[in-house]
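Here is a short report on one chain. Look over the sequence and the fold before reading on.

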Amino acid sequence: MGESNCGGTTYFGGFTSFGAGAVATKTFLLDFPVSVLNFSVTVMKMDSVDPGENFLISEDSNLLREVLDSEFSMQSNICGWDAVAESYPMNVVKTFPFFKPEIKINLTSKLDQAASDESYGFREISIIPLYDIAIADLFGGFSAVN
Ligand SMILES: [Ca+2]
Ligand SMILES: [Ca+2]
């Protein structure tokens, strides 16, 4: 899988790169105990994605978020072979409980045609740990300093 350009912005995947059956997977190590994660990724629908051909974000085999093709604020035929080179990225955010030392992210879609006909591109993945600690535990750990 490679990169593509859409409206002057470089995306991972996208036109001629991420079509039917494409899966992007990466495991991120978390070097500290985490109880809640905030995951975000910027997604761009490209060319002529058909209704219901949604973008899927999973943690291992657990679906975190199904991004509907209709959620994108754009028309069809953006950044395809004969298409308008404009960019309408959408930031997708999901916060969820998480208790493992690493997280395997899978990005795929319900596209059923070649990447030269319909595709999704993505960029700017972030994984932010959120500590779900009771306030009593948090302040209980401090020592008094005069
Ligand atoms: Ca299709
Ligand atoms: Ca097309």
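## Nonpolar core

A nonpolar core is a set of buried Ala, Val, Leu, Ile, Met, Phe, Trp, Tyr and Cys residues joined through C-beta atoms within 7 Å. The model discussed here is predicted. Its largest nonpolar core holds 16 residues. Those touching the most other members are Cys6, Val43, Met44, Met46, Cys79, Tyr120 and Phe122. Strand S4 (36-47), S5 and strand S9 (118-130) each contribute at least two residues to this core. S4 gives the largest share, with four residues.

Which residues is Phe122 in contact with, leaving aside its neighbours within four places in sequence? They are Tyr11, Phe12, Gly13, Val41, Thr42, Val43, Met44 and Leu107. In soluble globular proteins, nonpolar side chains tend to be buried together.

## Open sheet

Four strands form an open sheet in the order S3-S8-S5-S6. The pairing is antiparallel. Strand S3 (24-29) and strand S6 (62-67) lie at the edges. Each has a single partner strand, so one side of each has no neighbour in the sheet. From one strand to the next, the twist averages 20 degrees.

Within this sheet, strand S5 (residues 55-59) pairs with strand S8 (residues 102-109) over five bridges, in the antiparallel sense. Glu59 has Ile105 in S8 as its bridge partner.

## Confidence

Mean pLDDT for the chain is 87. A value of 70 or more is reached by 85% of the residues. Confidence is highest in S5, at 97. It is lowest in helix H1 (residues 135-140), where the mean is 60.

Notes: Residues numbered from 1 in each chain as written. Chains lettered and ligands numbered in written order. Predicted model: local features only at pLDDT ≥ 70, side-chain atom pairs only at ≥ 80, totals over all residues. Pairing = 2+ DSSP bridges. Axes fitted to C-alpha atoms, helices over the stretch in contact; angles between N-to-C directions. pLDDT = per-residue confidence, 0-100. Buried ≥ 20, exposed ≤ 12 C-beta atoms within 10 Å, placed from the backbone. Contact = placed C-beta atoms within 7 Å.
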